[in-house]
Amino acid sequence: MSTNRNLAAQKKRNFFEAFAKSKAPAAGESSAAKKQALGYAPDIDSTSFQDGVSKKDGKVDGGRSGRWESESHQGEGEVDSLAGVVEGGIGGEEQEEESTDFKLALLSSLQPSLPPETLLELLLTCNGSVSEAAKLASSSASKKQSTSIPTQSSLSTFLSPPDVGSSQISRKIPFPLPTIPKFKTLHLTTPSQVPYYVPATLHPSFLPSDVANQLLAECLGEVPSFGKYEFRLFERNVSSPHTASFFVKDEEMAAQHRRGYMYNGSVLDDIRTFTPTMRKVVPLLESFVNDQISDRISNVYPDGQKLKHMLPPGKWHITSAFMNCYDGAKQSVGWHSDQLTYLGPRTVIASISLGVEREFRLRRVAPVVVDTDVPFEPDSEQEAEGKEWKWQTEGQASVHLPHNSLFIMHAECQESWKHSIHPANNIQPHPVAGGKRINITFRCYRESLRPDKIPKCKCGVGCVLKTVQRVKDRMGWYFWGCQVGNQWKDEEEDGDGKDRKKEGGCGYLVWAKFDDDGDPVWE
Ligand SMILES: O=C(O)CCC(=O)C(=O)O
Ligand SMILES: [Fe+2]
């Protein structure tokens, strides 16, 4: 690795640490102060890493509390993404910039008896930290009776599964939700298990079946003309080998979108209006989702109150949707959380799946409070300041989403969790869709966050809204940043560095303020 690259990476980190520790502007503070552009654009979004995890020898625990498995990360296609781990991990426990090959070589020299797949899995599990991976390998190996590791070993055989009780479903849903032990994939096999482990609701068969089939048929008519959007709709370092398109409720909104809604620095050129059946399902969804939100407020959130920045109950409405198509077992989308720019904080997203059943995975990325192991969640009466935090790798939950299922990602989901569609080893073809899974994520864009209302950076384009996920004391804070900065590239790719500035954007960053209902407060 070049010294320049180290310096640049360090500079990025220092900058962000400094920004994150700066005080958010108080109401009444001058807008000039608030809008002051701040140096260098870091890559501090929520993206941390993309991994692949496959099911192996699961353990059924009696049916009521989900099925735990040890993680087994697949090596294929994962290697490049480790760079993203390291870049995204600002404020984390260890910063390293070496290539994955280098890290693998290093780890292999520390743990020569382990096969490459296991080394890669260990690295992925430890967010790319060689020292953590080596420690984990030795501690796990010493727990084992036998010292010999089978050639095809993976974490699922290498680490023992934990004991899980079977009485967890009868309890009140805790807030924040408990941690999922690291290395484990918790397969949530019934809808009732889902809310006990992830901030979500699953309806296994939402629409009348004829409506679902009609919707599928219409979607299948749309997808052949989907562009290769895959790398544009999501963050730079999220792998998304699938196709997608964007739909809005009417022509007026489509015209607005063509004028100024930006995703990763560009305007989408393919904006479609809802199909007739999408229009038909909107009222059904709005009514069900609002009921679910109200239930969650009464039964889950502290004091039966909505979380700060959530829309008031009953106000969730559909303005737009991403339609995703996964054609075949290997199409997938890497770990990400959805961009909040036009949705605002604490957004709820309703996702309908059609065609082939696929696995949806969720993993929390927020830290836990030291000594308590309670995950951080703003609104859980935890004050970030003065607390000691640790970032611990958590396990993940896996939910199978069959044809006509509805999965609601609740208000905590984008800020504190990431989700992905995992590549499958094999799939059960659907009688109509064949190998395709279609997914529609219905969203509620806020009028108060229209592109003409949000801050523009010095590049002249609307900013992106993100949350701090990796810096102590500012956990959960929101900020507006340069959208072009999402496309930040390393020097090695940029030659003489001139392009780097363009790719890196202008570095604009300001704290974002919202009222109790999540609408922005501008000073
Ligand atoms: O296909 C899915 O279920 C997830 C799609 C997704 O994450 C998205 O549209 O942001
Ligand atoms: Fe998403």
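Predicted model: local features only at pLDDT ≥ 70, side-chain atom pairs only at ≥ 80, totals over all residues.
What is the mean pLDDT of the protein chain, and what share of its residues reach 70 or more? The mean is 73, and 63% of the residues reach 70 or more.

Two stretches deserve a careful eye when you browse the chain. Here they are side by side.

| Stretch | pLDDT | Contacts in the model |
|---|---|---|
| Residues 71-97 | below 50 | 88 contacts beyond near neighbours in sequence |
| Residues 142-169 | under 50 | 54 contacts beyond four places in sequence |

For the complex, the predictor gives an ipTM of 1.00 and a pTM of 0.71.

Now to the overall fold. The protein chain holds 14 helices and 20 strands. It has 523 residues, of which 46% count as buried. If you take the contacts between residues at least 6 apart in sequence, 76% of them join residues at least 24 apart.

Let us turn to the ligand. Around ligand 1 sit Phe322, Asn324, Val333, Asp338, Ser351, Phe360, His419, Ile421, Asn439 and Thr441. Three strands each supply at least two residues of this shell: β8 (320-327), β16 (417-421) and β17 (436-443).

Even so, α11 has a kink of about 30 degrees at Val282, shortly before the proline Pro283. The buried residues of this helix are Met278, Val281, Leu285, Val289, Gln292, Ile293 and Arg296.

Finally, have a look at Val194, which belongs to helix α8 (residues 194-197). Is Val194 buried or exposed? Val194 counts as buried because 21 other C-beta atoms lie within 10 Å, and the cut-off for a buried residue is 20 or more. Setting aside neighbours within four places in sequence, its contacts are Leu188, Ala200, Thr201, Leu202 and Val399. Val432, by contrast, is 238 residues from Val194 in sequence and 28 Å from it in space, C-alpha to C-alpha.

Notes. Residues numbered from 1 in each chain as written. Chains lettered and ligands numbered in written order. Helix = DSSP H or I, 4+ residues; strand = E, 2+ residues; numbered from the N terminus. Buried ≥ 20, exposed ≤ 12 C-beta atoms within 10 Å, placed from the backbone. Contact = placed C-beta atoms within 7 Å. Near = placed C-beta within 6 Å. Bend = angle between axes of the 7 residues up to and from the residue. pLDDT = per-residue confidence, 0-100.
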